[in-house]
Amino acid sequence: MLEAYPDNRLARILLWSFCALVMAFLMLPTLVVVPLSFSSSNLLEFPPRAYSLRWYEAFFGSATWMAALRTSLILGTLTAMIAVPLGLLACISMNRLGGKAAVAIQGVLLTPSIVPGILLAIGLFFVLAAQRLVGTLFGVLVGHVVLAIPVACIVLLPALARFDWNQVQAARSLGANWARAIGGIIVPQLQISLLSATLMAFLTSLDESVISIFVASGQNSTLPKLMFLSLRDQIDPTIAAISTLWTVIVVAVVLIVTLRQKS
Amino acid sequence: MTVIADIALAADARRERHFFLSLSLPALFIVGLAAILPILWIIRQSFLTTGGEYTVGNYEKVLSSGLTWSALVTTVELSFGTLAFCILLGTPLALALASARPRAANLLMAFVMLPLWTSILVRTYGWLVLLRRDGLINAALTGSGLTTEPLPLVYNFTGTLIGMVHYMLPLFLLPVYAAMRDIDANLVRASASMGATLGQTIRTVILPLSAGGIFSGSIIVFIYTIGFFITPAVLGGGKVNPLSIRIERTLSTFQDWGSASVLGILLLVLMALIGVMFLAARRLIAGHKVGTAHA
């Protein structure tokens with residue numbers, strides 16, 4: 001856009017140096033953790049004087065951390081398995097109904113992403129407490145599914161808008177019932193979008209902390225909940241190892257999604 | 001004959017509509033159960049005593065407490081502070097990205113999005129490492145002789161604000177970048193050929209045309225920052241107490257469900273107020289633009 005000002009080199013240099021600083025600001029906190037995770041010291045010295053894998057060993061050797069990792073992975077998988085089918089059905093519904101009905105459904109389904117997380121967390125805590133369900137896997141799962149549904153819809157709704165409905169009409173007129181039409185025609189064609197939605201729903205659950213902090217406890221504590229407690233109470237380089245692993249996993253997932261979308 | 005056929009068709013259409021409506025029921029049910037019911041529950045809870053009788057006592061107690069008002073002020077300060085820095089840092093970045101070549105812009109966007117995909121806890125931890133008394137930034141500042149004493153950068157308002165700006169900047173950037181990328185380059189060229197300086201073009205062409213994106217970005221910043229919990233809880237070190245922290249404290253220390261609910265409703269009211277304010281401001285600016293176009 002600024003190529004209309006070819007002579008204004010100073011402005012351009014200033015703009016790009018400013019941007020380099022902002023980019024450094026954005027990347028630094030994520031990257032600084034990586035070398036620390038390989039430190040052999042108890043202290044958070046930077047750069048570390050000697051390197052080791054002791055903090056990775058501490059993570060994988062700890063029963064508490066492993067239980068939390070297992071809970072988080074189970075929750076993420078269940079969340080994706082529930083939220084994506086529900087989101088897909090809701091998106092088909094919105095796509096076919098159109099008009100005010102679709103706007104109303106969308107409005108309701110997007111509430112969880114607009115209401116502050118802390119409100120959802122205490123509200124869910126109250127409701128679950130009344131049913132004596134606080135601390136159960138079920139309670140956290142419901143909270144995560146509700147956050148993942150809007151995410152799934154945001155991915156699937158535009159994908160469905162590009163879908164050619166005549167194919168479904170043809171299948172229907174040849175005698176396929178709806179379940180067959182959805183499973184046999186819509187699902188295979190939306191494969192890539194469904195994969196993205198699944199990974200995004202999984203990540204939403206994996207990264208969710210506020211609801212977990214309020215609703216999960218004991219055996220069902222998630223990784224973010226334990227990380228939060230440990231960050232608030234004492235800073236231990238185990239967190240650096242977990243953070244590094246976490247970032248590597250997330251970057252890998254995002255890369256897979258982007259590359260598959262491109263191809 | 002055709003009338004009967006029409007009636008049959010209409011019945012078919014109605015049946016199909018009901019069928020499609022029913023497809024969204026499972027999702028609506030879960031959202032109702034786990035998002036809307038809990039909010040209604042908070043509203044009810046705010047009018048209940050610990051014994052379960054109806055009262056407005058919770059409101060009196062919470063609204064007469066100085067802690068509530070200082071929490072409200074902190075919440076607003078954090079939100080507006082975060083927004084100010086997002087505009088200051090994000091708008092030039094969006095401008096640079098929008099004027100870069102597509103390949104370079106895509107690559108840079110991937111870097112900008114990296115923090116967006118990193119866990120908030122990872123980022124908070126990173127900031128603790130950087131900002132502590134003996135952290136990397138203080139070591140660099142004292143080592144280079146810029147300061148003699150390490151600066152208090154974390155466990156206070158400054159640290160919380162840094163963490164929040166870091167979290168919100170990519171989310172703010174996305175709509176602003178999209179708006180700037182969509183500006184017709186010919187308008188900028190026209191402005192330049194008419195003799196406008198770069199500053200004038202930015203002020204009179206680029207910024208007004210990306211105002212919609214800046215507005216969307218600002219609303220996103222508010223939606224997120226009003227209820228922000230993790231960052232003030234960790235980087236605030238107990239000294240920064242916005243409404244979200246007061247809610248948690250009221251619940252965990254006093255088990256006072258009624259007061260926690262009232263604080264939750266305050267949060268909702270604050271969100272609604274700021275939302276209305278934003279819409280009014282947007283209308284005002286849009287009206288102003290129409291006015292100048294006619295003049």
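Modeller: What follows is a discussion of a predicted model.

Colleague: How much area is buried between chain B and chain A?

Modeller: About 7700 Å² is buried between the two chains, and carbon and sulfur atoms give 84% of that area. Phe20(B), Trp117(B) and Tyr125(B) supply 10% of the area that chain B buries against chain A, more than any other three residues.

Colleague: How many residues does each chain bring to the contact?

Modeller: Chain B brings 86 residues and chain A brings 80 residues.

Colleague: And how many salt bridges are there between chain B and chain A?

Modeller: The count is 1 salt bridge. Glu248(B) pairs with Arg232(A), with the closest N and O atoms 3.9 Å apart. H2(B) provides the largest share of the side of chain B that touches chain A, namely 14 residues. As for polar contacts, 4 residue pairs are counted between the chains, both residues being at pLDDT 80 or more.

Colleague: How many salt bridges does the structure hold over all chains?

Modeller: The structure holds 4. One of them joins Asp256(B) and Lys61(B), whose closest N and O atoms are 2.7 Å apart. That pair links distant parts of the chain, 195 residues apart: Asp256(B) lies in the loop between H13 and H14 of chain B, and Lys61(B) lies in helix H3 of chain B.

Colleague: Is Asp256(B) buried or exposed?

Modeller: Asp256(B) is buried, because its relative accessible area of 13% is under the 20% limit. Lys61(B), at 47%, counts as partly exposed.

Colleague: What about Asp12(B) and Arg15(B)?

Modeller: Their side chains meet in a salt bridge at 3.3 Å, N to O. The two residues are separated by about one helical turn, because they are 3 residues apart in helix H1 (residues 2-23) of chain B. Asp12(B) is partly exposed at 42%, and Arg15(B) is exposed at 55%.

Colleague: Which residue does Arg132(B) meet in a salt bridge?

Modeller: Arg132(B) meets Asp134(B), at 3.0 Å from N to O. Arg132(B) is buried, with 18% relative accessibility, whereas Asp134(B) is exposed, with 54%.

Colleague: Changing topic, which residues make the nonpolar surface patch?

Modeller: Leu40(B), Ile43(B), Phe47(B), Tyr54(B) and Val56(B) make a patch of about 490 Å². Phe47(B) sits in the loop between helix H2 (25-45) and helix H3 (57-63) of chain B, and is partly exposed at 32% relative accessibility.

Colleague: What is the phi of Gln255(B)?

Modeller: Phi of Gln255(B) is near 50°, a positive value in a residue other than glycine. Gln255(B) is in the loop between helix H13 (243-254) and helix H14 (257-294) of chain B, and it counts as exposed at 52%. Tyr155(B) also has a positive phi, near 60°. Tyr155(B) is placed in the loop between helix H7 (136-143) and helix H8 (157-181) of chain B.

Colleague: Lastly, what does Thr201(B) contact?

Modeller: Leaving aside neighbours within four places in sequence, Thr201(B) is in contact with Tyr5(A), Val188(B), Ser191(B), Ala196(B) and Ile206(B). Thr201(B) belongs to helix H10 (residues 198-209) of chain B and is buried, at 1% relative accessibility.

Colleague: And where is Thr71(A) found?

Modeller: Thr71(A) is in helix H3 (residues 63-97) of chain A, and it counts as buried at 8% relative accessibility. Beyond four places in sequence, Thr71(A) touches Leu137(A), Gln219(A), Asn220(A), Ser221(A) and Thr222(A).

Note on methods. Residues numbered from 1 in each chain as written. Chains lettered and ligands numbered in written order. Predicted model: local features only at pLDDT ≥ 70, side-chain atom pairs only at ≥ 80, totals over all residues. Heavy atoms only, no water. Patch = residues over 30% accessible without salt bridge, like charges linked within 9 Å, V, L, I, M, F, W, Y side chains within 5 Å. Areas by Shrake-Rupley, 256 points an atom, 1.4 Å probe, with all protein chains shown as cover. Helix = DSSP H or I, 4+ residues; strand = E, 2+ residues; numbered from the N terminus. Buried < 20%, exposed > 50% of the residue type's maximum accessible area, 1.4 Å probe, protein only. Contact = heavy atoms within 4.5 Å. Buried area = accessible area lost by both parts, 1.4 Å probe. Polar contact = N/O pair within 3.5 Å; in protein donor to acceptor, adjacent residues only side chain to side chain.
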